[in-house]
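Here is a short report on one protein chain.

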Amino acid sequence: MNATVVAVLALAVGTYAFRLAGPVLDGRVEIPPRVRSLLSTGAVVLLVALLATGALTEGHGFAGWARPAGVLVGAVLALRRAPFAVVVLAAVAVTAGLRAAGVG
């Protein structure tokens with residue numbers, strides 16, 4: 001087996017262990033409310049960081065202004081509870097329109 005197969009198998013076993021831990025430990029471990037709050041906040045912070053790096057960077061540099069503008073339009077529509085298809089199509093339309101207009 002090569003290193004890639006070993007890594008994939010290790011990740012698969014780890015993922016299965018995490019998924020199994022929930023039902024096995026349900027009711028046996030009490031998580032304090034402060035820890036629950038910190039975990040919830042941490043998840044939001046990680047998602048925002050992922051969004052920011054995906055929206056603002058490409059390769060090792062800035063992605064240009066078109067992509068962040070499209071993400072901003074999508075975020076505003078999502079906050080206004082627009083249907084998912086409308087959010088995606090509007091974000092794509094804004095990004096494509098700005099790129100067609102010459103805005104990187």
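## A salt bridge and its surroundings

Arg67 pairs with Glu58 in a salt bridge, and their closest N and O atoms lie 2.7 Å apart. Side chains of opposite charge can pair when their charged atoms come close. A search of the whole structure, which is a predicted model, finds one salt bridge. Glu58 counts as partly exposed, because its relative accessibility is 47%.

Is Thr95 buried or exposed? Thr95 is buried, because its relative accessibility is 14% and the cut-off for buried is under 20%.

## Helix α3

Helix α3 covers residues 66-79, 14 residues in number. From first C-alpha to last, α3 reaches 20 Å, close to the 20 Å expected at 1.5 Å a residue. Four residues of α3 are buried: Ala66, Pro68, Gly70 and Gly74. Which helices do the buried residues of α3 pack against? They pack against α2 and α4, the latter spanning 84-100. Just after α3, Arg81 takes a positive phi of about 65 degrees.

## A nonpolar patch

The surface carries a nonpolar patch of about 710 Å². Its members are Tyr16, Leu20, Val24, Leu25, Val29, Ile31, Val35 and Leu39. Helices α1 (3-25) and α2 (33-56) each supply at least two residues of this patch. Helix α1 gives the most, with four residues. One patch member, Leu20, sits in α1. Leu20 counts as partly exposed, because its relative accessibility is 40%.

## Accessibility at a glance

| Residue | Relative accessibility | Class |
|---|---|---|
| Leu20 | 40% | partly exposed |
| Glu58 | 47% | partly exposed |
| Thr95 | 14% | buried |

## Confidence

How far does the predictor trust each part? The mean pLDDT of the chain is 91. Of its residues, 100% reach 70 or more. Confidence is lowest in strand β1 (residues 57-58), at a mean of 87. Confidence is highest in α4, at 95.

Key: Residues numbered from 1 in each chain as written. Predicted model: local features only at pLDDT ≥ 70, side-chain atom pairs only at ≥ 80, totals over all residues. Heavy atoms only, no water. Patch = residues over 30% accessible without salt bridge, like charges linked within 9 Å, V, L, I, M, F, W, Y side chains within 5 Å. Areas by Shrake-Rupley, 256 points an atom, 1.4 Å probe, with all protein chains shown as cover. Salt bridge = Lys/Arg side-chain N within 4 Å of Asp/Glu carboxyl O. Buried < 20%, exposed > 50% of the residue type's maximum accessible area, 1.4 Å probe, protein only. Expected span 1.5 Å × (residues − 1). Contact = heavy atoms within 4.5 Å. pLDDT = per-residue confidence, 0-100.
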